[in-house]
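Colleague: I am new to reading protein models. Can we go through this one by question and answer?

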Amino acid sequence: MQWLAVYVLLLDVANWFKIPISASEFSLQGEYLLGGFFSLNIVFNQKRQSYPVALECQRYQFDESAYQMFEVMRFTVEEINNSSTLLPNVSLGYEIFDHCSDTQNFPSVLSFISQNGSVPVLQNYKNYQPKVIAVTGPYESTTTITVAPFFMMNLIPMVNYGASSYDLSNKMLYPSFVRTVPSNKDLIKIIIRIIKWFGWNWVAFIGSQDDYSRDGLNLFDQYIRQNDICLAYQELLYFNSAYHATLNKINKLNIKVIVVFAMKVIAENIVKAAIKYNIRNKVWIAGEGWAMNKQLFREPGIQNIGKIFGITEQFMSLPGLNEFIYKTRDNNDHEDDDQCPQPKEKLCNQVCDNCTKLSSEEILNESPTFSFPVYSAIHTMAHALHNILQCGANGCNKSIPVYPFKLLKEIKKLNFSLNGRQVQYDDNGDPPVSYVVVLWNTEGSSRVFEVIGSYETYPEIAFTINSSRVNWDNDGSVPFANCSVECKKGFRKEKDRNHECCFNCKMCPSNTYANFTEDPNTCFPCNAGEWSQEGSTSCQKRSIMYLPFTGPLSILLLISAASLELLCIAVTVLFFVNYNTPVVKSAGGNMCFLMLASLIMSSISVFFFFGQPSVTECIFRNVMFCFFYTICLSCLAVRSFQIFWVFKMASKFPEVYKCWVKHNGQWLVIAVVSVVQFIFCVLWVTLKTPSPSRDETSYIDQIILICSSGNVEIFYVMVVLILSLSVLCFFFSYMCADLPKDYNEAKSITFSMLLFYISWCIYFTASMIYEGVLIQLIDAAAQLFSLYGILLSYFIPKSYVIVFQPKKNTQAYFQTTIQNYTQTISRM
């Protein structure tokens, strides 16, 4: 009952504002009446009212483009009335209102839904026949959403030509709403396609404070998340907003692409502000509301603000429209000259003093964006009516009652061709999309809207842009309009926390590579056996490194090892031939052969350092040296101890020395040490066998084939044993360094131990600072030098005496030397 009271009150208000005017373009008598809403005037800063007030639109700013749409409706009705195929012998009439406000134009709405001059309260709308059978308009989304409920409650068809808010596609709220323009959803999709086409992702969205822009912003924000586009700045402006401040913010954020999805007046204001404040080199994407705004197109300085891309309906010429406009202008002129008014009584907002002041050229020069949508909206109503009246070649059955819900049912089933375009509606009441992308060519004197692309959904989705027709400034390349500069090769993207399409570039570390086609945000690790430097885009195979037999240093060591064995064999033969001479006996006699055999066997380990390592090579390259070198060292230790004891201690402890000689102490010690070292060697090999392994960490470009250390604890015990023997050798031999020159095994042993220490100090120092394949060569060299130290210092001097100084290899010479040394000691 409250709604009924409001209806009656507003209808009374409508009657209060009846005014007399001359012959009006706002109405036409006919058998079936169509309603039309056109915003011929624009109201800014509407004042809120606490009581119903009808607004006189003619007092506000006149909109020429809306009047062109107004004339298209009149032209279309006349064309249909003159048609012999569509609604033959049926006359259509219309009632049109200037709908300039979304809150104060309800008298016109109530007039349309009235029945016999009053608004009925319906229980059943099946027999409801309002004043009009259907309505087109209003133009704006906010205005449409405001008045639509009055028509929805009784299923009066609203065939809209301009409201594109996606909310109107909701059939639960707007069951009788259809439109001849695509929804904001489709418009936003083509805007995003344009942005992606040119590779941009850092954009601003400017709208107006209305449902059209709010709906567009919500859709834009929703779809850009799926397309790696960032909304760098957004703002919905009022008519009196600070446009300069908005443009300054956009400049500070370095935004190049600006989507202006706003009502016509706001779009004009922001573009004029950009011209005034010298905003340059931007890319402007215009929604269909101002995509072909000829007033802005002719604005001085428009060429300086950058490139403007407009999205508008596919251009469609309306044959006969120009003639209709010229005819109506001529008729108005004659009426004014003759001063022959035809009084009629009309409701308020059916007056347009400014309309008659426009010339035909001014009307036809306005943007044709919504001409075809108006044209197809009227044809939609007519075709649906044609089907209800069962029209044929002989006429129509006018006896069939036309109810709004029946007309709506027929509208939803329509599928016809109109001037080459398909007119039909989907389940949401939306038409097929047929957009074109226009470029504002504002350079030079011949300014034109140049079509450079298209977007259609019928019969299938197709989107194209001819980029070659866009003459970009500067070097002619597409302007960079991204949040971040693309990373160089070998870098990955590290996304910003605030904006997904903003990122920092991080160089891929070594052993990884960047692959933009696979994933630009990841550094992929190289496969096993591959490597890469920092900042690589691919991996290379790692070199397999080991000591080859054919390397120069390898050959040198192998020859040295072979030479050592030959020398040892030669010395063995020499000592065997001269076994009973004093030199051989003083060198140790039988022990010399054990030492020489140990040197030969130890040198064999050097050959296992070359070639690709196997388990056998890993075992024998160190085990043979450790075991046989231990035997040799134990012999030297015993010899140095004997020399020390004979010359230094035997006279003081004769009984101890006799016991040592009697029980073959030297062989007992050698045997015990050898057996102990042999046990450790067996444990070292069996507990954790040294095996081939790959050193993949020391060098990024190399894989070094090495041998594992085996059981480290046992290995350290073996090393300690060898080191202990060497210390004993060095100690006893050093204590005997003052022995006669010609009987100087102690000095030889001291020298060999010094060479042993130097060799292994060099090896361990190198192993701490160097991890390459040559460390194995140094290991082999240290072993070889240790062996050569004993051979050269202990055996070669004695061999030299045997071969070149035979007179010193006599019993008499040795006795004389010893006697002289004894006498010297006794005098001290």
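Colleague: Let's start with Cys-508 and Cys-523. Are they buried or exposed?

Modeller: This is a predicted model, where local features need pLDDT of at least 70 and side-chain atom pairs count only at pLDDT 80 or more, while totals for chains, interfaces and linings use all residues. Residues are numbered from 1 along each chain as its sequence is written, and side-chain values use heavy atoms, with hydrogens and water left out. The scale is relative accessible area: under 20% is buried, over 50% is exposed, and in between is partly exposed (1.4 Å probe, protein chains only). Cys-508 and Cys-523 are both buried.

Colleague: How far apart are the sulfur atoms of Cys-508 and Cys-523?

Modeller: A disulfide is a pair of cysteine sulfur atoms within 2.5 Å. Cys-508 and Cys-523 form one, and their sulfur atoms are apart by 2.0 Å.

Colleague: Which parts of the chain does that pair tie together, and how many residues apart are they?

Modeller: We need the DSSP runs here: helices are H or I runs of at least four residues, strands are E runs of at least two, and numbering goes from the N terminus. Cys-508 lies in the loop between strand 22 (503-507) and strand 23 (512-515), and Cys-523 lies in strand 24 (residues 519-525). So the pair ties together parts whose separation in sequence is 15 residues.

Colleague: Is the link of Cys-508 and Cys-523 left-handed or right-handed?

Modeller: Look at the turn about the S-S bond. It is -85° for Cys-508 and Cys-523. That makes the link left-handed.

Colleague: Why is the disulfide of Cys-352 and Cys-355 right-handed?

Modeller: First, the bond itself: Cys-352 and Cys-355 are joined, S to S 1.7 Å. Both of these cysteines are buried. The disulfide is right-handed because the torsion about its S-S bond is about 85°.

Colleague: What is the S-S torsion for Cys-391 and Cys-396?

Modeller: Cys-391 and Cys-396 form a disulfide with sulfur atoms 1.9 Å apart. Cys-391 is buried at 14%, and Cys-396 is buried at 18%. Their disulfide is right-handed, because the torsion is about 115°.

Colleague: How many disulfides does the rule give?

Modeller: Apply the sulfur cut-off. The count of disulfides comes to 9.

Colleague: Now the charges. How many salt bridges are there?

Modeller: Side chains of opposite charge can pair when their charged atoms come close. A salt bridge is a side-chain nitrogen of Lys or Arg within 4 Å of a carboxyl oxygen of Asp or Glu. Searching the whole structure, the number of salt bridges is 13.

Colleague: Which residues are linked in a network with Glu-71?

Modeller: Glu-71 and Arg-74 meet in a salt bridge, 2.9 Å from N to O. They are 3 residues apart in helix 2 (residues 64-81), so about one helical turn separates them. Glu-71 is buried at 0%, and Arg-74 is buried at 13%. The network links Glu-71 with Arg-74 and Glu-25.

Colleague: Is Arg-225 buried or exposed?

Modeller: Arg-225 forms a salt bridge with Asp-221, with the closest N and O atoms 3.1 Å apart. Asp-221 is partly exposed, at 25%. Arg-225 has 58% relative accessibility, so it counts as exposed.

Colleague: How many residues apart in sequence are the parts tied by Arg-421 and Glu-313?

Modeller: Arg-421 and Glu-313 are both buried. They form a salt bridge with the closest N and O atoms 3.0 Å apart. Arg-421 lies in strand 17 (residues 421-424) and Glu-313 in strand 14 (residues 306-313), so the separation of these parts in residues is 108.

Colleague: One last residue. What is the C-alpha separation of Ile-133 and Val-402?

Modeller: Ile-133 lies in the loop between helix 3 (106-113) and strand 7 (134-136), and it is buried at 9%. Contact means heavy atoms within 4.5 Å; leaving aside neighbours within four places in sequence, the contacts of Ile-133 include Tyr-32, Ile-156, Leu-385 and Val-402. Ile-133 and Val-402 are 269 residues apart along the chain, yet their C-alpha atoms are separated by 7.4 Å.
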